[in-house]
Protein chains: 4
Amino acid sequence: MDVTRVADGLKVVVIGGGSSYTPELVEGFIRFHHELPVRELWLVDIEAGLHKLNIVGNLAKRMVERSGLPIEVHLTTDRRTAIKGADFISTQMRVGMLEARGRDESIPLKYGVIGQETTGPGGMMKALRTIPVLLDICRDIEELAPQAWLLNFTNPAGIVTEAIHTHSNVRSVGLCNAPIGLTKWLTTTYDTAPEHIYTEFVGLNHLHWVTRVDVNGVDKLPELLNNTEGFSGKNVPQTGWNPDFLRSLGALPSYYLKYFYMTDEMLAEQQESFKKDGNRAAVVKRVEDELFQLYADPELNEKPKQLEQRGGAYYSEAAVNLMKSLYNGKNDIQTLNVANNGTIDFLPDSASIEVNCVVTKTGPLPLPLTNVPLHVKGLIHAVKTYEQLTIEAAVTGSRDIALQAMVHHPLVPNVDVAIKLLDEMLEANKDYLPQFFPQV
Amino acid sequence: MDVTRVADGLKVVVIGGGSSYTPELVEGFIRFHHELPVRELWLVDIEAGLHKLNIVGNLAKRMVERSGLPIEVHLTTDRRTAIKGADFISTQMRVGMLEARGRDESIPLKYGVIGQETTGPGGMMKALRTIPVLLDICRDIEELAPQAWLLNFTNPAGIVTEAIHTHSNVRSVGLCNAPIGLTKWLTTTYDTAPEHIYTEFVGLNHLHWVTRVDVNGVDKLPELLNNTEGFSGKNVPQTGWNPDFLRSLGALPSYYLKYFYMTDEMLAEQQESFKKDGNRAAVVKRVEDELFQLYADPELNEKPKQLEQRGGAYYSEAAVNLMKSLYNGKNDIQTLNVANNGTIDFLPDSASIEVNCVVTKTGPLPLPLTNVPLHVKGLIHAVKTYEQLTIEAAVTGSRDIALQAMVHHPLVPNVDVAIKLLDEMLEANKDYLPQFFPQV
Amino acid sequence: MDVTRVADGLKVVVIGGGSSYTPELVEGFIRFHHELPVRELWLVDIEAGLHKLNIVGNLAKRMVERSGLPIEVHLTTDRRTAIKGADFISTQMRVGMLEARGRDESIPLKYGVIGQETTGPGGMMKALRTIPVLLDICRDIEELAPQAWLLNFTNPAGIVTEAIHTHSNVRSVGLCNAPIGLTKWLTTTYDTAPEHIYTEFVGLNHLHWVTRVDVNGVDKLPELLNNTEGFSGKNVPQTGWNPDFLRSLGALPSYYLKYFYMTDEMLAEQQESFKKDGNRAAVVKRVEDELFQLYADPELNEKPKQLEQRGGAYYSEAAVNLMKSLYNGKNDIQTLNVANNGTIDFLPDSASIEVNCVVTKTGPLPLPLTNVPLHVKGLIHAVKTYEQLTIEAAVTGSRDIALQAMVHHPLVPNVDVAIKLLDEMLEANKDYLPQFFPQV
Amino acid sequence: MDVTRVADGLKVVVIGGGSSYTPELVEGFIRFHHELPVRELWLVDIEAGLHKLNIVGNLAKRMVERSGLPIEVHLTTDRRTAIKGADFISTQMRVGMLEARGRDESIPLKYGVIGQETTGPGGMMKALRTIPVLLDICRDIEELAPQAWLLNFTNPAGIVTEAIHTHSNVRSVGLCNAPIGLTKWLTTTYDTAPEHIYTEFVGLNHLHWVTRVDVNGVDKLPELLNNTEGFSGKNVPQTGWNPDFLRSLGALPSYYLKYFYMTDEMLAEQQESFKKDGNRAAVVKRVEDELFQLYADPELNEKPKQLEQRGGAYYSEAAVNLMKSLYNGKNDIQTLNVANNGTIDFLPDSASIEVNCVVTKTGPLPLPLTNVPLHVKGLIHAVKTYEQLTIEAAVTGSRDIALQAMVHHPLVPNVDVAIKLLDEMLEANKDYLPQFFPQV
């Protein structure tokens, strides 16, 4: 990013700009404009999403107008024009939309396997659909904005970020709202400011363990691990874990680790919930429809409160924080998904991992880990193996590699189930998997 | 081993000398005496095994007498006298005897978990019982025969060998009969000599993959992987695998990998068999009783044919081959369990792995691997993680670490089962686990 | 460091407290008392240094009195009392005093070898004298203040710090004033504040290269490398280098690298200067005598200006900065000498290196390097090899290892010189090398 | 190499076939024809070497005829026809011929630097001339004989082999006669057979240390290191070393290490010899002229005795041994120059190193090192750094990189000399360095 351009302000592109999360991002750009001088905001979506893009885009315009800031909001389906010369590009997309998510979540349940859109076979299918599309976008970025930073929120964020690192030259970081969510919970619980919280993460996206929690310079991890009842309310990190297990684990596990550590219970819950409400995709769809009704109100010119109840709280804060630090060379510490490069010594350099990084002007540098518990190494490696096979399958369209990915996923019970589940899931996603179903 | 002693012949000690396998070993020492000049053979056992020791020991004496070789056979329960000044020591023991094996195999089945004495929770219990006893023996070797080579056959051989590497200074190698068994099968199948067979192993003991099979200089692996029906008879390495899976795996999996890849089927088979025959320990006991009846016959002065039908074929051949190569510095290639030292790049240096080694005068050197398939890395690391936690639990007596070992074993379905299974198994092995149940 | 103690303020110990640098440190503690609440300051020295200790100590007391701050200043030769319960300990010592330095600098010149007290054979002798003394101090710290941080300024700082890491459990960091000196020079040259400067260091203490210089977010390295004339004044980092060499090097070399890259010229200069003025030790002695005359003035109650002209500018600032960040968990970036732990991938984990670190509450974490030029790898490794052999020689008293250290130092021309030089230097330092000259 | 071709015999190509060494090779092919069934032997040379090629080639034909073996000998300047479908290709070439060698050896002496055609600036120049030519040959091999093995004897063999590994896909091994020469000396000294000798090498080509010497299973290294006088005759590995140095080194150094450890003495010797005889190139030229006179004798049909007195004894034996083992998958141990791949843990995977390898059917596998003395690590890395920069300079034609290579060579005393020496040597080699002197 050169100095002249900075003087003029930044060009930011949101791919999947018609998403219901966009108003959060816009609010962030307005609030931190003094640190991150956005001049142009380009919201990009595909034809099929044009209706939503217009609703969200017009709300964005009203929000900017109210702020009085010199930000131009552009709505477009022309991705290449948007990308050209961009400083920051964020992606939040769902290839196949909520219908595909529905299938990701429901098909595995038929085989007694966890159905989830980021972890397990559901996440694998999402990755197979998404990676080729994102790599196409990366081709455009390489050509039209080679210096841009790509902030990837698209799930499964770890896999997708690694695919970008290994199959393109785009400068990219993967982001999740879980780390910032933990900090928020700790500030509330201990009534302190975020700058007095220090946590250390080890692992992968949606497969991390928190091995250190300092609050005002005091180690609170033992207290948190031993008090599985004392803190109440949803989103409490210790909720629902067996106390003996948690204490002997010596780290706060990600919520998503319940799929691995409490598989039967989580599966039963999913099957129950599916019987009652259909899959979670349907629930999300209802919430989204309501949000878009709100957004369409021409009187609305700020982010509606209801958006906060949606799962993705803090996404925008995470994104704006990262852009600010990259732009200003803040050298502050954020938990991000980046290339391993020796940080976790048993994973390859190219593996995407979720760890603390110092965000310098030229990119995030992962901090050395002070604690990698022995007991989590195997699971990290098992899931990373599956992730790397999934990327290779997505890029090559090899059913053999996809089968090996599926077989070796820790949540898939055996080869027999893997073969049947893979067959059905590939077939169900045929329209979005041209690499597996080439036209004759 | 100094030159003077060599002139006089070697002192070899068999700990667990009352085992039914011993006649095989004795036969090997007789057959290869020109290459491995054994002068003293010490068979050691515990008081409880004295009866068997005498039966086997007397057979050994008759076998030696018949051979006319100058080998002295000593029977003793005095381990330290036996070890003093030894050149080679082999161990084949079962702490808790067949009764404990019965529990290792049956308790997991109650919780819907594979019951097996080397793989899974059963193997974990065997390791917890065995490691402290073997480390005690190592203390004696460090003191009384620091230059001796310890050949470890005691299962789970990989875990036990690693415990020795990491918690003693004894020079030790772990041995399994599977690699030599594969070579034997290939020589028969392709009607050639062992020296025209070259196979490459990667993985851990009872968790290996064969990634290369050259016969007379020609790569036969693709043929073997694609022909899951063509070769018949028991012990055929490809038998029972799904053909699509096997081909996409690109390697011949160890028989023991069926526990991981075909878990449900193997579990059903175990439960069926348990209902019918009781556990495998009971079957083995019957076979052993028959063997000892034969051994006791004062007319018998050679290894009886029936011994070959017992599971452990080729154990003695593996042991004698290794001793010969160490003693003579043969620099030949054998598949052994040794410290990793960078061979598998994602495992710690101290991890015991099962790979091809050049056997030099000063010990086996693992050969670089030419092929570590991506898809098997996670599973290797997951099992190794469990193994390392098991060793730590065995040495410290920490129930917390034992719980983490159990939870993170790929065959244990969830935390809830892990806790209950661990509790029952520890309790059932109380008499053999003083480190977990200290006297007040 | 626990919370209760913090409430009461910190105990800081300066070993070698009679040094002429001490008033700088005292000034730092006064200036930053709001961030680093020093309660007790213990200045420790040996009997032979008592006279100086009293002069400096009384000046320190007058400085504190003038400040009105609640800092107690203690002067003592009782090291153990001083260390007991300390929070921070700094060392600045010279075993053998300036007389030994004189020999370190002059003996090599006789053999046509660079004579310098940190680099080359002179530094080796200083290390052999110093390491056993410092490890003795570490034994005390392990016993009496196991949680204390040891800030080591004692030269050769890299070698000494590594000796502490590898032969004690003391938490220790090595410090040099070169990095802070470069920042100071850049702030003046570019008229900006330190927080707008970002530099990246790679290498060892007194053997580093600066591979990145950002000023206000702009990469100034090419400009600095190409302008070897444009900036004037002493301490300009590019002064005296061949322009073609500097440009092709692609990094700013440490001043000390002139000993390696311009050996003949530096040697000629040393020999010239030695003929004229005697060795540098004599010059330093004169400066010190003058300083102590000033310090003895009972009217003086602040750091005298003249101290700044002494070579060691910014030492105190470096020390206080580090203590502040460790105490407050500032997570800021400082250039320090720490254990490698994979940062420079070809050096062992225990090697002390000089790189950027994030200073967390539990210690400095080295940042990943973004640029390790190929051409400097060999020289770094050659010097580190010498350093490690020197540490081993210092600890074991092995003349064989000392010879190998000397032979393999890049500034020692051949084996013949190494043998003669080592013999003379060991003999000349006999009184301070009991490990090499054991009493019968 | 497929089975059908093997049935017909092998096609072997010698690039630089007009070399005086060729009769040795031919003798080897004749002697070991039963193990290595050569069917076609192609001797290739450039136009300028045609005269010599014909002389040597006709001798080769007479030797084959005398043997009665079905080997066809082809002489050609058409490299591509020769390479097409080859099984083994060996290279022994000298770009610029003996005139260039003369300059490599004499120019450095003017600057007080060792003049040698493999080590130091002379070797650098040879590498800069040779690498582009060899990479051109590799392009042909990739296209016309992708399965062929390239045996590289061209010096500096380590650098050239690494250039091939890193800049082509050709399967290549570097060979030197030093390892086999040591074995020969040991068999004579201890009156035993080669199969009772085991030595371990660590280092690079012409920069190795022998860390183990077993004769009949007994460690003879201490005896050899301590007896610098007792063995007499030329080629004795311990000759000329300082006894204290040798003992403390703990390894037998390569003869070429005298350039590093005894620089002044070797330089004086070179300057003396140059004054007396002109450079070694001139001496070699005389020897060669005599050999070719012999070769031209139409009565001669065997390798003349005089060839053995030439420096390169055992080259042919090394080459034929390697071909035999690759062809037959002998799995024996040979000391070769191969890609590091983690064997020396501080060097990159692609670095060419000289170590013991098991020669399998699919190529040599380096054996793990049992002893890498700390004191030699820095020197190995320093020279490897120079080697890698030299390769990069040869491929890119960058004078900047060439300067960094020269500056960082341990035998070049300072930057000033490096610049002047580089300038003169590049200019003197202008005709052979098109990459540095592009045509406008």
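Author: In this model, 32 residues of chain A are in contact with 32 residues of chain B, two residues being in contact if their C-beta atoms, placed from the backbone, lie within 7 Å. The model is predicted: local features need pLDDT of at least 70, side-chain atom pairs count only at pLDDT 80 or more, and totals for chains, interfaces and linings use all residues. Residues are numbered from 1 along each chain as its sequence is written, while chains are lettered from A and ligands numbered from 1 in the order in which they are written.

On the side of chain A that touches chain B, the elements giving two or more residues are helix 10 (243-249), helix 12 (263-277), helix 15 (374-396), helix 16 (399-407) and helix 17 (415-428) of chain A. Helices (H or I, at least four residues) and strands (E, at least two) are DSSP runs, numbered from the N terminus. Helix 15 of chain A supplies the largest share of this side, namely 12 residues. By class, the side of chain A that touches chain B comprises 16 nonpolar, 11 polar and five charged residues. Here Ala, Val, Leu, Ile, Met, Phe, Trp, Tyr, Cys and Pro count as nonpolar, Asp, Glu, Lys and Arg as charged, and the others, Gly among them, as polar.

The relation between the two chains may be considered next.

Two local details of chain A complete the account. The peptide bond from A:Asn155 to A:Pro156 is cis, with omega near -10 degrees; A:Pro156 lies in the loop between strand 5 (149-152) and helix 7 (157-167) of chain A. A:Asn331, a residue other than glycine, has a positive phi, near 55 degrees. Its place is in the loop between helix 14 (315-328) and strand 11 (332-339) of chain A. Most residues other than glycine have a negative phi, and most peptide bonds are trans.
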